[in-house]
Structure formats: C-alpha cells, structure tokens
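Visitor: I would like to learn how to read charged pairs and surface patches in a protein model. Could you take me through them one at a time?

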Amino acid sequence: MRDLALIFGAALAAALCVGLLGAVALRLLRGRSILVHVVVLLVMTVSAVVAGVAVVAEAMFLSPHDLEVVLITVSAAAAVSLAVGWLFGRRLAAAAVWADQARERERRIEKGRRDLVAWVSHDLRTPLAGLRAMAEALEDRVVRDPDTVDEYHRRIRVETDRMTRLVDDLFELSRINAGALRLSLSAVPLGDVVSDALASTAPLAAARRIRLVAAESGWPTVTASEPELARAVGNLLLNAVRYTPEDGTVRVDAGRDADTAWLAVADTCGGIPEADLPRLFDVAFRGEPARTPRPGNGGGEGSGGLGLAIVRGLIEAHGGRVDVQNIADGCRFVVRLPAAGT
C-alpha cells in the first residue's frame, strides 16, 4: 500500500509541475486565438501523463530496455493524442469563431431591421401627414385659389410617387433577402443601360447644376438581367447625384478585365468616413448627418436607406460584387459583373 502511495505521489508531483508550466503559458498567451489555447491545453494534458509515467518508470528501477519500451509506448500514444486533438481542436476553434461571427451578424441584421422600421416609419409618416392635411384642405374648400389647388394636386402626386418607390424598394429588398429573385440572363450592352440611367437622372442633376460625365467608348457587354441591372445602375447614379454638392461632377466609366466587366461611378461628395465604408451597403444605413438627404438635394426622393442595399443584392445575385472607396475629392463605386461571351 505504501508503494502505491509513493507511486501516486510521484506521478502527481510530475503532473502538477507540467500543469503549473501550462498555466503560466496560458496566461502569457491569453490574447491569442482559441486554437492556440486548445493546443496548449492538449499539450499540457498529454505532457502531464507522459511526465507521470516517466517519473514512475524511473522510480521503479526498470532495466534500460524496459524503460525504453515504456517511453516509446507512451510517446506513440502521446503523438496520436496530439494529432487527433489538434485536428479536432482546429474544428472546435473554427466552430467557435463561426458561432461568434454568426451571433455578430445576427446582431447587425437585427439592428438593421430596427433601423429599417424606424427609417421607413419616418419616411412614410411625414408625407402621409402632409397628404392628409392637403386632402382635408381641398375637401373642406379651405383652399380655393386655382394655383394653390394645382400645387396641392402636384404635391399629392409627388408624395404618392415617392411612397410608391419606397414600397417598391421594400418589395425588391424582400425578394433579394428571401432568395426569390429570378434573373433572366442575357448579353446586355452596358452602355445602353448607363445611357438610360443618365437620362433618368439628368433632371435632378440639372436642377442642382451637377455635371454628368460619361465615357464615349469602351463600354463592355455583360451577362445580366437588364431590368435588375438597370435598377442597380440607376440607384448608383441617383445616390451619387444626391450626395454631390451643387456644381459638382458625377463621372461614369467602364471597362473589361479578362472575363470581368466593371462599371465605376465617381462623385465629388467630399468622401465618406472610413468607419462608414464597410456599412455603406447595409439596410437603412445613412451614416453621419452630413450624408443624410435633405430638402434641396434630392431628399424628397429618399428610399429609407435602401438604395445601396438593393444595389449590392442585385449585383451579388448576378454573381458580381460592388465596392466603394474614397478618392481625391469624393468616392468611387465599382461594380464588377461577368462579361458576356466568357
């Protein structure tokens, strides 16, 4: 019984020494990744077993041959344990990181939903109140002057169109998020799509004395669904015009790199804060107050912060991507799509 107690004490002492070293290592590595911590714990556990066996074997005064057999056997088991533990430790660490990223993504999505409800409620409540007031004034004959009546009718139509576009944006975004978007792909001349979008944006740009500049040649043909592509390009141009100060410039050009076609929309908005760039395509994100549309800069055509989110959804549905970066006097959006014939 005494011998067993001595063996237990020797093994325990060896394991405690290894455990103490492992604890110190974990404290020094506390800022490292989950995988590093898992590997250290695994090495510490296996080393504690090896150290205990080695100390006990040495204390038993085994012959050199027997001691060598014991150590080889323990080393083989330790190697297999470390290899299996490292493999599953990597999976565990990856799963933990993925779960953390999923939770963070879910928090961002939930915040986006709340922001969307807040923005849409605001964007609907304000025009609805105005529409009700104007309708009541017309119904009660409070307004009789023909010019004023005509102005009320015009404003009712404008606000109705604005809310219709907002509802259309919400419907489009719901289709994108639900995966219900069905694209009819064909070869689409990008120059024709841009030309139509420029024509639609020209009145707002002219009212704000903003120059629309487009390249005269070099327009590639892309594989896309024309209605959805036209909407994405139109949203990009409208966004650029809204946020460009008066007497500014919006420039559109395009090109082709191997099997990818690109379209760039650059403006002179003064740039976007670097912290806002990763969130610019999030639903309902409008950034700092300086980038929130106001009356006089196209704010009456606002879409609740959905325009760029729709652009990203439509472009990614085509198998492409959209990026944004700051340039000297503004920002530049670049859309990349599969080129036709590739």
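This is a predicted model: local features need pLDDT of at least 70, side-chain atom pairs count only at pLDDT 80 or more; totals for chains, interfaces and linings use all residues.

Visitor: What is the general idea behind a salt bridge, and how many salt bridges does the structure hold?

Guide: Side chains of opposite charge can pair when their charged atoms come close. In this structure there are eight salt bridges, and we can look at some of them in turn.

Visitor: Which residue forms a salt bridge with E104, and where do the two partners lie?

Guide: The partner of E104 is R107, and their closest N and O atoms are 2.7 Å apart. Both residues belong to helix α3, which covers residues 64-139, and they are three residues apart, about one turn of the helix. E104 has a relative accessible area of 34% and is partly exposed, and R107, at 47% relative accessibility, also counts as partly exposed.

Visitor: Which side chain meets R209 in a salt bridge?

Guide: The side chain of R209 meets that of E246, with a distance of 3.0 Å from N to O. R209 sits in the loop between α5 (190-207) and β2 (211-214), while E246 sits in the loop between α6 (226-243) and β4 (249-257), so this pair ties together parts that are 37 residues apart in sequence. R209 counts as partly exposed at 47% relative accessibility, and E246 counts as partly exposed at 42%.

Visitor: Where do D257 and R336 lie, the two residues whose side chains meet in another salt bridge?

Guide: D257 and R336 come together at 3.4 Å, N to O. D257 lies in strand β4 and R336 in strand β7 (residues 331-338), so the pair ties together parts that are 79 residues apart in sequence. D257, at 40% relative accessibility, counts as partly exposed, and R336 is partly exposed with a relative accessible area of 24%.

Visitor: Let us turn to the patch: which residues form a nonpolar patch on the surface?

Guide: The nonpolar patch is formed by L20, V24 and L28, which together have about 330 Å² of accessible area. One of these residues, V24, lies in helix α1, made of residues 2-28. With a relative accessible area of 44%, V24 is partly exposed, because that value falls between the 20% under which a residue is buried and the 50% over which it is exposed.

Terms used: Residues are numbered from 1 along each chain as its sequence is written. Side-chain values use heavy atoms; hydrogens and water are left out. Patches are made of residues with over 30% relative accessible area and no salt bridge: like charges are joined within 9 Å, nonpolar side chains (Val, Leu, Ile, Met, Phe, Trp, Tyr) within 5 Å. Accessible areas come from the Shrake-Rupley method with a 1.4 Å probe; for residues, only the protein chains shown count as cover. A salt bridge is a side-chain nitrogen of Lys or Arg within 4 Å of a carboxyl oxygen of Asp or Glu. Helices (H or I, at least four residues) and strands (E, at least two) are DSSP runs, numbered from the N terminus. Buried means under 20% relative accessible area, exposed over 50%, partly exposed in between (1.4 Å probe, protein chains only).
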